[in-house]
Amino acid sequence: MPRARTKSNDADPLDRVSGRLPLDADALRARVESVLAEAPFWFPVRHHSPAVALHLERALLARRPELIFLEGPSQANDLIPHLIDPQTRPPVAIYCSYRDDDNVLGLAGLASPAPDVPARFASWYPLLAYSPEYVTLLTARRLGAEVVFIDLPHHALIRPAVPDQPPEGRAGGSTPLAPEPEPERLIVESDFYRELARAAGYRTWDEAWDSLFEARAFAGWEEFRAELATFCAAARATADAGHVAADGTLERERFMLRTIRQTLAGRKVAPEEAMVVCGGFHLFLDRDDPRPPPEPPAGTVYTTVVPYSFFRVSELSGYAAGNRAPQFYQTLWELTRAGRADDVLAEHVVAVLRQGRRESALSSADAIAVSQHARMLARLRGRPSPVLDDVHDALFTCCCKGDPKEAGIHLQRTIDEADIGTRIGLVTPALGQLPIVRDFYAQLDDLGLGEVLSRERAFNIDLDKRDPPAARRSAFLHRLRSLGVPLGQLTEAPSGDLTSGTLFREKWALRWGPQVESTLIERNLYGDTVESAALAKLTEELAREHAHAGRTARRLVEAIDMDLPDLVQRAEQVCSQAVDADERFVSLAQALTSLTLLERYAVFRNLRRARLDELIARCFDRACFALPGVAAVPEEQQPEVVSALLSLAEVVLRGGRAGLDRALFAEHVRQAVGSSPVPFLRGVFLGTLTELRELSPEGLAAELSALARAPADRLVTAGDFLDGVLAVSRTSILLGADSLVGAVDELLRAAGWEDFLVMLPRMRAAFERLHERQRDSLAGCVAARYGLAEAEEVTELRASVAAAARLARIDREVARIMERWDL
Amino acid sequence: MAKKSTAQEAPAAVTPPTDGEVLRRPAEVLYADQLEALRQNDTETPPRSWRLSPRAVLTYVLGGKALKAKLDGKAVEVPITRKFYGDEAIVEGAIVTLASERALLLVGEPGTGKSWLSEHLAAAISGNSEMTIQGTAGTTEEHIKYSWNIARVIAEGPRPDNLIPSPTMVAMRTGGILRFEEITRCVPDVQDALVSILSDKAIAVPELPHANMVRARPGFNVIATANTRDQGVNELSAALKRRFNYVHIPFVADHKTEVAVVQQRSAELLASYDLPTRLPPPVIDLLATIFRELREGKSADGVSLKKPSTACSTAEAIGVALNSALHARFFGAGEVGPAEVARNLAGAVVKEDLADLAVLKEYVVLVARKRAAKDRSWKEFHDTILPALK
């Protein structure tokens, strides 16, 4: 159904849905009025909202509270001075971690790699310059007010192990170990919001929010506060009570209420002198709830402030409570405070177009057209000024000359870059050594790798991963490698041979250098331990590379190498989707290689074999269908095609696997032969067919000898063709040497001197691909063909001196050509 | 033998069809009551020369609540029907473009409703959707600008009365909307005649020294359409591209709407063929799914696929439904099943390029086979079509 927009988005949201929901609007308004009139003074917020931050700042300055209760982790109260330190610059995040040292929750081995490794949990609370929470902290400093964080520590929500529940039902099942409170999800899923979005035609929650609160002009902070509170009250009244109970909201609210009451009593501050700044949903918490909040479990709690980045706070990084355009809202915040709110549109449009100008011609005229279009769109949609959605739509209409899904890919990337920005935060040095650095040194000691620090020289270690301590060392080194910390190099990777045991063996060369610590400091952005940072980085890479089957399969292998069981399932899922979505032959073949490698130690790693088998079969099918697409790739891409084809052929030839359709592979190789105009690739494909026994060595030789009868311009490509054959085929050498030699012989007889010179370097390069034994076998055939027996002694040269000189000249000429051709 | 009466032999005199008899009426006539009801209820000021405000145009195209109006002296309630099934943002972008400096180019695959939308926008904005130029390889600059009544020019010399205005000139004089269909079928020289019209909003007539410029009234703008399959034929110059906002019209976005369209249109066609054959909903669903997935190059469960060279439009799906019904009626049991769809599908997908056969086979192996394990309809479809693709 079309959007039935009313004349203006200024209409009261409650009026818009009146009659469509079983909601008593009068009772709801009365409830809102009563809460807003309460002492302490409640102010609703949405995280990362410039409009809220602006109105909240005004409210704080107007009311000048003595004490401010702020929704933030209560265990981080001591960090407030560091957060408002002049040398701290957002984006930063409060990072809280919890380690269950004594396994009081019984999750060791379930939420950690082994029963003797304590379970760890972490959570982040990002703060941007325009986060209402951050603005509250800065304003409180100006006012001399005290701020108290009131949120329940995240680890208090972790559910302990249930004895009879199988591990997979917990770690990877539908019940998360620690519920992630998502107040915005509760709002978006509420009947009120759904009905409002339908009536007003909002396509996303962000569009709704921006239309209702960011782009609208309010008479003052009081009106803004009342409107936002009413909106949240309506959402809460129609939210799914089951979800509210399940996601930890009620437990957190009990804690908030208790903290507020106890602090007021303890500080002897009158409620009228205090203010509560929290998510709008929590304004309507049950003030009469008799149940106490949960007590946080015993264990090691670590809390710190770490630098953060706009990318990590953006939705693109996968952060659930993300901000869709951190840089755009930063600009909005800065210009609004400077009294230049009207310039936001032009500033952002110009920022996008400037970014896009690197790859396409976008002029100032485009900027003018986009701005005009966005303003008119906003008017048509009943908004007083354009929101980000209007700007995006205008950019696509005015600057994308075709289908946005194809012609607009570059523009979309440009928009994302300009929306998100590249800002990275700074944390005051007063906070001391970063936790990841401490964790690194502690782990080196724990794993017995401390020797590497004793002197600056390389030392080698040999690990057998079947031995648990060695497995932990290996995982640690793989994590460092993934983070780019230059401590160790993997000099010998598992060979994949299960019977010899080398599947589990690794050799590492370790060497300390000053870059180790500096890299760790940079990587602290990802987490406060090597493990959590590796996990976060791999998660991010998975999100970035989700469309590339080869890379996601590689990430899956890495997740296993790094012993990150929580991520394996996710990586498996992303890889499965990538296999379905990717159409690149090489990428699919790379994925197949990684997946077959995993399959070999599936048993050892407790991987789900059936799922892996299904994924391998699907990957194989898709690779087969993608194969004809590489029939004419340019020369620089040919080596990877050969390598990909070999890996596919290897899987087929190894046999013993159900679900892999050998005939399908052969059919598509034949299709590739039919459509390939490139002699080298034709050789590669025909050679592959010979390996598959789909083409006899005689048939292959006939293809080669046919070139002897072809015109000279085709005949000279025989070297490339043969090079292609020998790049993939060994069967043709061992089984069909006779016919191959015959074909080469026919070719050489047919070629003139000039043609021979053109053809020779490639032909020589082709034979250089062979192992010595294979070359011997061919030489034997040549000898037999010419009636020569193997000589016992060095045979005296019977040719004339002139003939010998001529041979030497030919050889020199060939060597020169090969050098020129870089062969 | 008596001579036959000449009166009996003469063919009946051709009389112009009455309004009710014409084969097709333009949108502004067909939907005159809706346009008038919207005009009477319009609370916003339309841009100059527009008959309706942008919001009323939007409601006309996308449909809305029934409106009370006075038509022919009677108070009536007029339902505002939906004319275009597509994303609202597309129509908003198109309307806003027409109110701006730039012209509008609707681009998309064949059968996506570009001309349909263009006609309705012109009807709603200027009350006349017939100021139209049909772009072809034979379109000349005269078709775009103006031409002369040669006989009168010989007799009287070039005078304003002897000038034959093009639809462009008429639209400029009235502040109306010019429709330029299939612009990329025209050769580049002819397309470039539009550059000055879109920049200067004027046409120069050098033959008339005292009236040598025709300037556009406010409200004049151009809606052009271009088929993405023809874009490479005569691609627009960079100068012309800059003067157009491109609005891409995709295929019907959601599966449910497409199923409904196929269902309704197939039923109408079956009735017109007097076929008693039934098209069960699961078969329509299967058919719409296949066409959608082939067209998009991606299955609902995320499998990427090669796209065939044919458009695989909703219209093609309707064609297959009809053929399947005919097949079932004359050679089968009367009811269309997945097997009939399978038998008639290849002809619709593989038309110009035999490589499309491989595309179809890929779809059958990668997508249909996976579903066949769980769904009987898909199994029947898969088992029937696969041998035919070997």
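This is a predicted model: local features need pLDDT of at least 70, side-chain atom pairs count only at pLDDT 80 or more; totals for chains, interfaces and linings use all residues.
Let me begin with the cores. The largest nonpolar core in the model holds 166 residues, and the ones with the most contacts inside it are F585(A), L595(A), F665(A), F685(A) and L704(A), together with F381(B) from the other chain letter on that list. If we ask which element supplies the largest share of this core, it is helix α26 of chain A, residues 609-626, which contributes 10 residues. Apart from this core lies another one, of 80 residues, and A239(A), C278(A), F284(A) and L285(A) are among its members. As general background, nonpolar side chains in soluble globular proteins tend to be buried together.

S729(A) sits in chain A, in the loop that runs between α32 (718-728) and α33 (731-734). Is S729(A) buried or exposed? Its relative accessible area is 0%, and because the cut-off for buried is under 20%, S729(A) counts as buried. As for its surroundings, S729(A) touches G687(A), T690(A) and E691(A), again not counting residues up to four places away in sequence. With E691(A) there is also a polar contact between the two side chains, at 3.3 Å.

Let me turn to the backbone, starting with the cis peptide bonds. One of them joins A39(A) and P40(A), with omega at about 0°, and P40(A) belongs to the loop between α2 (25-36) and β1 (41-45) of chain A. Another cis bond runs from P90(A) to P91(A), where omega is near 5°, and P91(A) is in the chain A loop between α4 (80-83) and β3 (92-99).

R64(A) has a phi of about 45°, and its place is in the loop between α3 (50-63) and β2 (67-73) of chain A. K268(A) has a positive phi near 55°, and this residue lies in the loop of chain A between α12 (249-267) and β6 (274-279). Where do they stand in accessibility? With exposed defined as over 50%, R64(A) counts as exposed because its relative accessibility is 52%, and K268(A) is exposed as well, with a relative accessible area of 74%.

Conventions:
Residues are numbered from 1 along each chain as its sequence is written. Chains are lettered from A and ligands numbered from 1 in the order in which they are written. Side-chain values use heavy atoms; hydrogens and water are left out. A nonpolar core is a set of buried Ala, Val, Leu, Ile, Met, Phe, Trp, Tyr and Cys residues joined through side-chain atoms within 4.5 Å. Buried means under 20% relative accessible area, exposed over 50%, partly exposed in between (1.4 Å probe, protein chains only). Helices (H or I, at least four residues) and strands (E, at least two) are DSSP runs, numbered from the N terminus. A polar contact is a pair of N or O atoms within 3.5 Å; within protein, one must be able to donate a hydrogen and the other to accept it, and residues adjacent in sequence count only if both atoms are side-chain atoms. Contact means heavy atoms within 4.5 Å.
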